[in-house]
Protein chains: 2
Amino acid sequence: MTYFVGIGVGPGDSELLTLKAVQTLKQLDTLYVPHAHSGQVSLAETIAQPYLKTTIEIKSRRFPMVRSQTVKAQEWQKIADEIIADVNAGQEVGFLTLGDPAIYSTFSYLCNYLQGKIPIRSVAGISSFSQIASILVQPLILDNESLAIIPANKDPQQLEQLIDLNDNVVLMKLAVNFAKIYQILAQRNLLAQTTVIERASMEQQVIKTMNQYHPEDKVPYFTTAVLRKEHTDAIQKNT
Amino acid sequence: MTYFVGIGVGPGDSELLTLKAVQTLKQLDTLYVPHAHSGQVSLAETIAQPYLKTTIEIKSRRFPMVRSQTVKAQEWQKIADEIIADVNAGQEVGFLTLGDPAIYSTFSYLCNYLQGKIPIRSVAGISSFSQIASILVQPLILDNESLAIIPANKDPQQLEQLIDLNDNVVLMKLAVNFAKIYQILAQRNLLAQTTVIERASMEQQVIKTMNQYHPEDKVPYFTTAVLRKEHTDAIQKNT
């Protein structure tokens, strides 16, 4: 029985593919990829490339993010129907995700159109926040702490509550709401405990603490912040 | 320059090692492993085994979790001093973590004793909750949602607030506080939306929803619950 599989290729470092992702890539007959601008190959595709069959069929498709519900649903349904036909024709069909397919991925949306119609699998990948913790050599959670992953474009009141309530916080998509996040952290005297990482693992990677910024600064699209409130020696605290 | 490295070997499936973890394991001269009972080899060690040099020195050490702060700190400091000596003697020294070294790991505690003394690195691994999402083929976060990772042994009031405030919740260590978690979810009519997974990826894996349990049930040590409040078609909601 063939299936449709979402494959997490990790945060961008080609060494952070899992063995299972490599095995899965090698078996694909067809790979659907989001249509890129002007013939560019996506980072996810570049990472997967060395493992793909030479005979693989790559189907580049547009996944529109337009305002109209009807137009969007129609376009996505069309791609879903193609995938269903390919799987039913006996092909192993794949879809790539940077990071993990369960974290902010197009794959999850696509599954809405496929669930119950064909078998679907997912191969977990290293998420961007795991990779950032590894670059910083810093724990995300210890002991009985909590960790929240929060997109910076959440409603400001919810942002404040989530930051107040959790022991550890990863703030994603920082670029879209930098000034507000800065203000919330400044009010709580948490700027120095918040590590900001711009373009993690990329050539122009920058690591600073939040107090090295100004609230009106512009940060790159791939910027994430990690707040760890507990700075004492955790093993001692826990005794 | 040699270093000390924490290596995430993933959630238990040997295929969920990353290529980088494999490369790192191959270079180790010395591996520190927590002392196991009666000569048993840990799951993490079993996963790593095929990639280790035949000449590797495996140092089994006790990492005591005793009540006395002083005794604990002394014992850990002794192991840390050994690691520092090995690294300074030109060895690549490793430590294994099931899942990810940044998530609830002994490696993080050990780093407290090593930071600033020798170079430390960390190789990210697939966390148990990523693997669970992949088994369920279910998103952990979409769009502008938040995700909280919460240990079930947190203070009950904090548990309630975190469950109320977040869009998605992963409840770890469910066995230690099952009745309370059941009660909190029941009060909020969230039992049917909470998926429980016992012994993920293991032979006796069980997947049920929370409403298939009774509050007084005992669940195995490796039990995790995933709550996803949003059950509508996310892509439609988002338009």
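Is B:N189 buried or exposed? With a relative accessible area of 66%, B:N189 is exposed; buried here stands for under 20% relative accessible area, exposed for over 50%, and partly exposed for anything in between (1.4 Å probe, protein chains only). The model is a predicted one, so to speak of local features takes a pLDDT of at least 70 and side-chain atom pairs count only at pLDDT 80 or more, while totals for chains, interfaces and linings use all residues. Residues are numbered from 1 along each chain as its sequence is written, chains are lettered from A and ligands numbered from 1 in the order in which they are written, and side-chain values use heavy atoms, with hydrogens and water left out.

B:N189 sits in the loop between α7 (178-187) and β8 (194-198) of chain B; helices (H or I, at least four residues) and strands (E, at least two) are DSSP runs, numbered from the N terminus. Its phi is near 60°, a positive value in a residue other than glycine. Most residues other than glycine have a negative phi. B:Y104 also has a positive phi, near 45°. This tyrosine belongs to the loop between β4 (93-97) and α4 (106-112) of chain B, and it is partly exposed at 21% relative accessibility.

Over in chain A, A:S127 lies in the loop between β5 (120-123) and α5 (128-136). A:S127 is buried, at 4% relative accessible area. Neighbours within four places in sequence aside, A:S127 is in contact (heavy atoms within 4.5 Å) with A:P11, A:G99 and A:D100.
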